[in-house]
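Subject: Structure for you to look at

Hello,

Here is the structure I said I would pass on. My notes on what turned up in it follow below.

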Amino acid sequence: MKNMILPLLLILYLNIFGIINAQSQITPKEMQFVFKETLAKSRNFVPEATNIWSFDNSNNDYFKKDTIVLNSARCGFGYNCHRIQWSFYENQKIILEKIIECNEPPTKVASKEEDFMDLKIKEQDGMTYLCLHNNNGIFETFEVLSLKANNTTDEECTFNYTLKLLRIRENE
C-alpha cells in the first residue's frame, strides 16, 4: 500500500503543476457553451459582457498568420488601432468586422455579404475545429489550440476568455 501512495502523490503533484497533461483538449460542447454564453450575455445586456471576440490586427496580419488569438472581454481590446472582430448576432452566426479606431472618427469597414459567416464546430481525430462558412462555402477552418478563462478582478473583464486558433491552410 505504501508503494502505491508515493507514485500517486507524484502523479497528483505533476498534474497540479501542469507538467503532465499541461493542456486538455477543448471539446466541441465546451466551445458551443462559451459561444452561446457570449450571445446570451450580450442579449441580456450584461454591462461587462460583449458579443465580440477581438483580434489585434495592428500589424495587418489576421489573414496571414497561422496562429491567431481572440479575446472576448471588453478589456481585451486594449488600445489597438486595428482589430478584426467576430461579432455574434445569432447562435453560431458571426460577422467578420474590420475596425479602425485611431482615426477620428473611429470607423468600421462596411460589412459585405461574404463577411456574414456560419460558424460550425466539429470534432475529428480527437481535435476540435471551427469552420467558417460564408455564402461562397467554406471560408476558413481553424483548429482550436486552447480556450482559457482568464481570472481578473476588473469588473469590466468578468467575461474574459482567450481563444487560440491554428489556421488550416488548403494546401496542407
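Is Gln92 buried or exposed? Gln92 is buried, with a relative accessible area of 17%; buried means under 20% relative accessible area, exposed over 50%, and partly exposed in between, with a 1.4 Å probe and protein chains only.

Before the rest, two notes on how to read this. The model is predicted, so local features need pLDDT of at least 70 and side-chain atom pairs count only at pLDDT 80 or more, while totals for chains, interfaces and linings use all residues. Residues are numbered from 1 along each chain as its sequence is written, and side-chain values use heavy atoms, with hydrogens and water left out.

Overall make-up

Along the sequence the pattern is α-α-β-β-β-β-β-β-β-β-β. Of the 172 residues in the protein chain, 36% are buried. The accessible surface of the protein chain is about 10800 Å², and carbon and sulfur atoms account for 53% of that; the areas come from the Shrake-Rupley method with a 1.4 Å probe, and for residues only the protein chains shown count as cover. Taking contacts in the protein chain between residues at least 6 apart in sequence, 51% join residues at least 24 apart, where contact means heavy atoms within 4.5 Å.

Strand pairing

Two strands count as paired if DSSP finds at least two bridges between them. Strand E1 (residues 52-56) pairs with E3 in the antiparallel sense over five bridges, and Ile52 stands opposite Ser87 in E3. E3 is in turn joined to strand E4 (residues 93-100) by eight bridges, again antiparallel, with Ile84 opposite Lys98 in E4. The hairpin of E3 and E4 has two residues between the strands, and Gln92 there takes a positive phi near 60°.

Strand E9 (residues 161-168) has pairings of its own. Five bridges join E9 to strand E2 (residues 67-71), and the two run antiparallel; Ile68 has Leu165 in E9 as its bridge partner. E8 also pairs with E9 in the antiparallel sense, over eight bridges, and Phe142 stands opposite Arg167 in E9.

Aromatic pairs

The search of the whole structure finds eight aromatic pairs. Rings of Phe, Tyr and Trp (its six-membered ring) pair if their centres lie within 6.5 Å; planes under 30 degrees apart are stacked, over 60 edge-to-face, and the rest tilted. One of the pairs is Tyr62 with Phe63, which is edge-to-face at 4.7 Å centre to centre and 85° between the planes. Tyr62 is buried, with a relative accessible area of 1%, whereas Phe63 is partly exposed at 39%. Trp86 and Phe142 have ring centres 5.9 Å apart and planes at 50°, so this pair is tilted. That pair links distant parts of the chain, with Trp86 in strand E3 (residues 82-90) and Phe142 in strand E8 (residues 137-149), 56 residues apart. Trp86 is buried at a relative accessible area of 0%, and Phe142 is buried with a value of 0%. Ring pairs also link Phe35, Trp53, Phe88 and Tyr161 into a cluster.

Arg167 lies over the face of Tyr62, 5.2 Å from the ring centre. The test for a charge over a ring is that NZ of Lys or CZ of Arg is within 6 Å of the ring centre and within 35 degrees of the ring normal.

Nonpolar core

The largest nonpolar core has 26 residues, and Trp53, Trp86, Leu130 and Leu163 have the most contacts inside it. Such a core is a set of buried Ala, Val, Leu, Ile, Met, Phe, Trp, Tyr and Cys residues joined through side-chain atoms within 4.5 Å. Helix H2 (residues 28-43) gives the largest share of this core, four residues. Leaving aside neighbours within four places in sequence, Leu163 is in contact with residues including Met31, Phe35, Trp53, Ile68 and Leu130.

Positive phi

Most residues other than glycine have a negative phi. Asp125 has a positive phi near 55° and sits in the loop between strand E6 (116-124) and strand E7 (127-134). Asp125 is exposed, with a relative accessible area of 74%.

Regards
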